[in-house]
Amino acid sequence: MEHIELFFKSIFIDNMVFATFLGMCSYLAVSKKVATAVGLGAAVIFVLAVTVPLNWLLDQYILKEGALVWLGPEYAAYDLSFLSFIMFIATIATMVQLVEIIVEKFSPSLYNSLGIFLPLIAVNCAILGGSLFMQSREIPTLGLALTYGVGSGIGWFLAILAIAAIREKIRYSSVPPALRGLGITFIITGLMAIGFMSFGGMLTGGDEKKEGEPVEEAKVQKEEKIKEAKEIVAENTNINQ
């Protein structure tokens, strides 16, 4: 259940584009055609699915304070968290280079259409943001880190796919000259972000029940204390009589 909740949250509620507006450069530049958007979106899914778990392992066993205790008790005091950015970016750059080689080998047309934006995935803030959000939210297991990486990648993929499909159709629409190009794209992106915000209530039903439980428990405890106090007063009254 925890995996499903995190998966849908990372796609809809905490969408990289619509919730945090990360990866907007590639999102705007490569969303003119659906085929190109699909290729870049698939590459982003792969990179996030690989780098988030890898960076989770780096964070848990090398970077965070006390992570090197597995080397021996004398290393327990070491804190290498200041190297997080460098290590995360190195992992991302390695995976992006692998993706670039694979795409160039098996789909030269897609490689040419993506152009400079394929290697620029290495500095795409959505990719680095996935690892940094994983670190800041203290995701507890490798499996959940993988779920978060895949979900975040799918969320970014859906965002760029949706805007690419709309931009292909909007060419035949009567858009005011002042809004053509990026103007209408920003407006559509804002409207889509509002639409994705409506998913915020998807996973709150269980939370409300959990929040209500301590209130009921406190109420019961209060009633028990009042009852005990009344019994003590009654006993003292009987003794005095």
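Before that, some ground rules. You're looking at a predicted model, where local features need pLDDT of at least 70, side-chain atom pairs count only at pLDDT 80 or more, and totals for chains, interfaces and linings use all residues. Residues are numbered from 1 along each chain as its sequence is written, and side-chain values use heavy atoms, with hydrogens and water left out.

## The overall picture

The protein has nine helices and zero strands. Helices (H or I, at least four residues) and strands (E, at least two) are DSSP runs, numbered from the N terminus. Of the 241 residues, 34% are buried. Here, buried means under 20% relative accessible area, exposed means over 50%, and partly exposed is in between (1.4 Å probe, protein chains only).

Now for contacts, meaning heavy atoms within 4.5 Å. Take those between residues at least 6 apart in sequence: 76% of them join residues at least 24 apart.

UniProt, in an unreviewed entry, places "transmembrane region" features at several stretches, including residues 37-58 and 78-103. UniProt positions are given in the numbering used here, feature names are shortened, and such annotations may be inferred rather than shown by experiment. In the model, residues 37-58 are 100% helix and 0% strand, with end C-alpha atoms 31 Å apart. Residues 78-103 are 77% helix and 0% strand, and their end C-alpha atoms lie 40 Å apart.

One of its members, valine 69, sits in the loop between α3 and α4 and is partly exposed, at 47% relative accessible area.

The protein exposes about 14100 Å², and carbon and sulfur atoms supply 66% of that. These areas come from the Shrake-Rupley method with a 1.4 Å probe; for residues, only the protein chains shown count as cover.

## Inside the protein

A nonpolar core is a set of buried Ala, Val, Leu, Ile, Met, Phe, Trp, Tyr and Cys residues joined through side-chain atoms within 4.5 Å. The largest one has 49 residues, and Phe18, Tyr27, Ile121 and Trp156 touch the most other members. Helices α1 to α8 each supply at least two residues of this core. The largest share comes from α3, with ten residues.

What does phenylalanine 18 touch, leaving aside its neighbours within four places in sequence? Its contacts are Tyr27, Ala159, Thr189, Met192, Ala193 and Phe196. Over in α1, Ser10, Ile11 and Phe12 are buried, and the buried residues of that helix pack against α7 and α8.

Serine 84, in helix α4, counts as buried because its relative accessibility is 4%. Apart from neighbours within four places in sequence, serine 84 is in contact with Leu63 and Gln135.

Alanine 122 lies in the loop between α5 and α6. Alanine 122 and alanine 93 are 29 residues apart in sequence, yet their C-alpha atoms are 4.9 Å apart in space. Not counting residues up to four places away in sequence, alanine 122 touches Ile92, Ala93 and Val96.

## Two salt bridges

How many salt bridges turn up in a search of the whole structure? There are two. A salt bridge is a side-chain nitrogen of Lys or Arg within 4 Å of a carboxyl oxygen of Asp or Glu.

| Pair | Distance, N to O |
|---|---|
| glutamate 5 and lysine 9 | 3.8 Å |
| aspartate 14 and arginine 137 | 3.7 Å |

Aspartate 14 is partly exposed at 28% relative accessibility, and arginine 137 is partly exposed at 40%.

Glutamate 5 and lysine 9 are four residues apart in helix α1, so about one helical turn separates them. An α-helix has 3.6 residues a turn, so residues three or four places apart point the same way. Glutamate 5 is partly exposed, at 25% relative accessible area, and lysine 9 is partly exposed, at 28% relative accessibility.
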